[in-house]
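Here is a guided walk through a two-letter set of chains, written to be read with the viewer open. Please load the model and keep it at hand.

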Amino acid sequence: MIQLEVITKTYPMGKRELTVLHGVTFHIAPGEMVAIMGPSGSGKSTTLNVLGCLDQPTSGRYYLDGRDVSRLNRRELARVRAHKIGFIFQSYNLLPRMSALDNVTLGLKYAGIRDRSLAREALARVGLADRESHRPAEMSGGEQQRVAIARALAKKPPVILADEPTGNLDSRSSEEIMGILTTLHKEQGNTLVMITHEQEMASYCQRVIHLKDGKVLREERP
Amino acid sequence: MRFLDPLLSAWRSVLAHKLRSFLTTLGIVIGVAAVIGLLAIGRGAQNEIIASIESLGANLVQITPRTGAGGAPTLSVEDARAIEGQIANVKTVAPVVRATHQVVANGQDIIAVSIGTTPGYLLAYNLEVASGSFFSDYDVARSARVAVLGANTANDLFGDANPVGQEIKMGGAVVRVIGVLKPKGAAIMSPDDNIILPLAFMRQFTTQQRTPQGEHVVHSIALSVADAQYSPQVVAEITDLLRERHRLLPDADDDFRILSTDDIAAQASEAMSIMTVFLGAIAAISLLVGGIGVMNIMLVSVLERTREIGIRKALGARERDIWSQFLLEAALLSLNGGAIGIALGYGIAATVGYFVQEITPIVTPEVVVLAATVSIGIGLFFGFYPAWQASRLNPIDALRAD
């Protein structure tokens with residue numbers, strides 16, 4: 001499903017250049033649930049941005065679902081994000097002026113799906129059927145993250161990318177979120193890549209990729 | 001639904017900042033209201049002036065002398081007779097002599113401008129007699145000592161009493177009033193303040209002036225064309241006739257000026273059009289300022305919603321989705337302003353029309369459509385840059401913003 005081939009990423013920093021990724025290579029099979037771990041500055045956020053087609057690698061190849069997406073233009077990248085990828089962020093990133101249902105619908109809208117019943121269904125699957133009309137400010141952090149999961153999953157993308165999804169939550173909510181994620185992952189069979197720095201969260205995954213200084217340090221199966 | 005959805009979402013975000021949206025809109029409101037109001041008032045004034053010119057007599061042609069520096073007066077009674085005898089499609093010709101006289105009657109003592117002319121004057125200037133009658137050709141021929149008073153003159157001399165049959169003294173002569181004219185109001189060339197006398201009688205007590213050819217000088221000649229369509233032809237023929245009578249060399253300028261009501265109306269109308277365009281241009285500047293206000297607020301709005309833009313992009317929004325969203329908001333803002341401005345402009349025009357009775361403001365549908373189009377256009381034009389800026393935001397940076 002995901003193939004990264006010697007990905008490098010270099011940012012211009014004034015006159016010098018800052019290289020964040022020094023040739024990252026790994027493969028993720030369809031339906032796999034993988035955690036990416038590493039200390040801060042190891043390049044795990046940049047890797048996730050590249051995986052999510054929010055950013056393009058300086059060199060190397062990235063094959064998503066069999067297609068080379070490392071040289072696409074901005075328009076094509078937006079299409080890939082809309083149809084292939086569901087994002088879950090550490091800080092939920094819900095639109096504050098919209099209800100839970102509207103937030104989930106928004107995720108469908110850009111994928112060209114106009115069927116609101118899919119949004120309702122997704123909210124029901126994260127256990128928030130009765131919170132459709134609530135705004136983010138009226139919900140707890142755990143509930144907001146569940147709305148975000150529903151938003152990412154509603155369009156049934158082949159790949160879900162989660163950026164420290166439990167980073168802002170207490171341990172009880174964290175467990176709840178991880179429970180939902182693993183359950184839905186099993187049911188829906190999509191590929192899930194998650195960034196985390198907590199070993200406990202990584203243990204939910206089938207495989208852990210450790211990054212350090214912009215390179216893959218090692219892989220393990222917990 | 002497909003088109004309604006983005007519209008609804010734009011509307012919601014306009015409503016999310018009610019005061020700000022209102023203040024932004026205000027610039028457009030004032031601009032559009034100014035354009036609509038000023039154009040309506042300008043157009044109303046234009047119509048009023050044309051109507052007042054046409055009240056002169058729709059088919060009136062006036063001939064006045066145009067004497068160069070030190071030139072002798074040239075227009076004569078004989079010219080008037082020649083026109084009457086030789087030019088086709090002319091209904092009446094009235095030679096006009098003017099003089100200022102002291103007039104005494106009924107214990108009142110006033111200075112008035114008297115006009116010596118023939119009965120044709122009544123028709124040429126589209127005048128009506130309120131009481132009594134106008135003098136006849138016979139009165140002119142026998143130099144009858146009779147006078148017709150303008151409405152104000154009658155009122156100054158006799159107040160509410162009926163002047164018809166009364167006697168007035170002017171220039172040492174005793175004159176009998178035989179008629180009073182209906183008032184014409186503020187119209188151009190209003191005879192309200194005049195006294196009208198038979199031409200021959202007038203000549204008896206005014207200094208006789210002669211043209212170089214020894215003819216009797218008049219101050220102007222008024223004539224009425226049978227139908228407005230003949231007006232250009234009549235003017236051309238009179239020009240030839242008078243040049244011949246005045247023995248002008250082919251390369252000499254005319255020593256007279258011929259103005260038809262149509263010409264005057266056209267000139268006044270053109271002058272008013274320029275005025276109206278000028279007013280409209282000033283109003284358009286305020287519309288421009290309003291547009292800059294919209295741009296300003298849209299830029300702030302983009303800045304504020306950077307994170308929202310990042311989220312939308314991460315969810316797969318294309319650049320087109322982002323800029324159309326912001327453009328729609330800008331257009332909606334200024335369209336609202338336009339709608340309120342049109343209503344306000346109507347109100348201003350109606351209020352002016354209510355207090356200034358001479359002017360009936362005219363709001364034409366074209367102006368309304370134009371104002372609505374221009375206000376949407378301004379929204380799109382000034383919304384374009386902020387919207388473009390929003391669409392080009394880097395999603396990673398945008399997601400990091402707070």
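Is B:Ile30 buried, partly exposed or exposed? B:Ile30 is partly exposed, with a relative accessible area of 49%, where buried means under 20% relative accessible area, exposed over 50%, and partly exposed in between (1.4 Å probe, protein chains only).

A word on the ground rules before we go on. This is a predicted model, in which local features need pLDDT of at least 70 and side-chain atom pairs count only at pLDDT 80 or more, while totals for chains, interfaces and linings use all residues; side-chain values use heavy atoms, with hydrogens and water left out. Residues are numbered from 1 along each chain as its sequence is written, and chains are lettered from A and ligands numbered from 1 in the order in which they are written.

## Surface patches

B:Ile30 sits in helix H2 (residues 18-54) of chain B; helices (H or I, at least four residues) and strands (E, at least two) are DSSP runs, numbered from the N terminus. Together with B:Leu19, B:Phe22, B:Leu23 and B:Leu26, B:Ile30 makes a nonpolar surface patch of about 490 Å². Patches are made of residues with over 30% relative accessible area and no salt bridge, with like charges joined within 9 Å and nonpolar side chains (Val, Leu, Ile, Met, Phe, Trp, Tyr) within 5 Å. The accessible areas come from the Shrake-Rupley method with a 1.4 Å probe, and for residues only the protein chains shown count as cover.

A:Arg67, A:Arg75, A:Arg79 and B:Arg320 form a positive surface patch. Here Lys and Arg count as positive and Asp and Glu as negative, while His and the chain ends are not counted; the place of a charge is taken as NZ of Lys, CZ of Arg, CG of Asp or CD of Glu. A:Arg67 belongs to strand E5 (residues 67-68) of chain A and is partly exposed at 42% relative accessibility.

## Salt bridges

Three of them are set out here.

| Pair | N to O distance | Relative accessibility |
|---|---|---|
| A:Glu143 and A:Arg131 | 2.8 Å | A:Glu143 15%, A:Arg131 23% |
| A:Glu176 and A:Arg146 | 2.9 Å | A:Glu176 33%, A:Arg146 14% |
| B:Glu128 and B:Lys182 | 3.5 Å | B:Glu128 48%, B:Lys182 38% |

The side chains of A:Glu143 and A:Arg131 meet in a salt bridge. This pair links distant parts of the chain, with A:Glu143 in helix H5 (residues 141-154) of chain A and A:Arg131 in the loop between helix H4 (116-125) and H5, twelve residues apart. A:Glu143 counts as buried, whereas A:Arg131 counts as partly exposed.

A:Glu176 forms a salt bridge with A:Arg146. A:Glu176 lies in helix H6 (residues 171-188) of chain A and A:Arg146 in helix H5 of chain A, so the pair ties together parts that are 30 residues apart in sequence. A:Glu176 is partly exposed, and A:Arg146 is buried.

In chain B, B:Glu128 forms a salt bridge with B:Lys182. The two are 54 residues apart: B:Glu128 is in the loop between helix H4 (120-124) and strand E4 (129-132) of chain B, and B:Lys182 in the loop between strand E7 (173-181) and strand E8 (194-198). B:Glu128 is partly exposed, and so is B:Lys182.

Which residues are linked in a network of salt bridges? They are A:Arg97, B:Arg305, B:Glu308, B:Arg312 and B:Glu329.

## Backbone and layout of chain B

B:Asn89 has a positive phi of about 65° although it is not a glycine; B:Asn89 lies in the loop between helix H3 (77-86) and strand E2 (90-105) of chain B and is partly exposed at 28%. B:Ser143, also not a glycine, has a positive phi near 50°. B:Ser143 is in the loop between helix H5 (137-141) and strand E5 (146-149) of chain B and is buried, at 18%.

Finally, zoom out. Chain B is divided into domain 1 (4-52 + 266-400) and domain 2 (67-254), with bounds from an automatic or database domain assignment. Their centres, taken over C-alpha atoms, are separated by 56 Å.

How values were computed
A salt bridge is a side-chain nitrogen of Lys or Arg within 4 Å of a carboxyl oxygen of Asp or Glu.
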